[in-house]
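Student: I would like a close look at one part of this model. Please take the aromatic pairs, then the charged side chains around them.

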Amino acid sequence: MRIKTILFVLLILALLPGCTSEVRLYDYDRSLVVEKSDKLPEDALLPKQLPFKVTDIQVSNEMAAGQITAISFQNKHNSVVSLLISEVGWNPGVSYESEPIKISDEWMGEYILEDDGHTILWKDENLSYRFNYVSFSNEDDLSREQVLQVIRQFEPLP
């Protein structure tokens, strides 16, 4: 009986680390974003780390009533973090269901309610950000709070 109790306690202790709400974050080469974009705003913020090991980074620049930089980070499971950075904000004519969300003491944003991922909009000084996370693997699933953890560590490029 004592051995069963010890094994049960060891099993519980082994499972506890998986119950944490902290997301594991991975470094990536942020300089690749700068190399791939000649129009990235100087004061743009980028995530210091991402919730998966990045296997591909795509960057494009578009002119749509102002400069928009689109950055896509992908992993081996095809899960994607996409980030849009705009100098003019987002189209108020587009309708979507959202709710206000506190990102940090400095940032308030909008959480867009979607079935296939998490989308959060916010503004920092003169730039607007649209962060979207879509997971194609249960291994990569994140909660809303974990997505906020990724956004909270955005910082300027060195």
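Tutor: Start with W107, which counts as buried because its relative accessibility is 9%. Buried here means under 20% relative accessible area, exposed means over 50%, and partly exposed lies in between, with a 1.4 Å probe and protein chains only. W122 also counts as buried, at 4% relative accessibility.

A word on the source. This is a predicted model: local features need pLDDT of at least 70, side-chain atom pairs count only at pLDDT 80 or more, and totals for chains, interfaces and linings use all residues. Residues are numbered from 1 along each chain as its sequence is written, and side-chain values use heavy atoms, with hydrogens and water left out.

Now the rings. Rings of Phe, Tyr and Trp (its six-membered ring) pair if their centres lie within 6.5 Å; planes under 30 degrees apart count as stacked, over 60 as edge-to-face and the rest as tilted. The structure holds seven aromatic pairs. In one of them, the ring centres of Y28 and F73 are 5.1 Å apart and the planes stand at 70°, so this pair is edge-to-face. Y28 sits in the loop between strand 1 (26–27) and helix 2, while F73 is in strand 5 (residues 67–74), 45 residues apart. Helices (H or I, at least four residues) and strands (E, at least two) are DSSP runs, numbered from the N terminus. Y28 and F73 are both buried.

Back to the tryptophans. W107 and W122 form a tilted pair, 5.6 Å centre to centre with 35° between the planes. W107 lies in the loop between strand 7 (98–102) and strand 8 (108–113), and W122 in strand 9 (residues 118–124), 15 residues apart. Ring pairs join W107 and W122 with Y129, F131 and F154 in a cluster.

Next, the charges. Side chains of opposite charge can pair when their charged atoms come close. A salt bridge is a side-chain nitrogen of Lys or Arg within 4 Å of a carboxyl oxygen of Asp or Glu. The count comes to four salt bridges. One of them joins E155 and R30, with the closest N and O atoms 2.9 Å apart. E155 is in strand 11 (residues 154–156) and R30 in the loop between strand 1 and helix 2, 125 residues apart. R30 counts as buried at 10% relative accessibility, whereas E155 is partly exposed at 29%.
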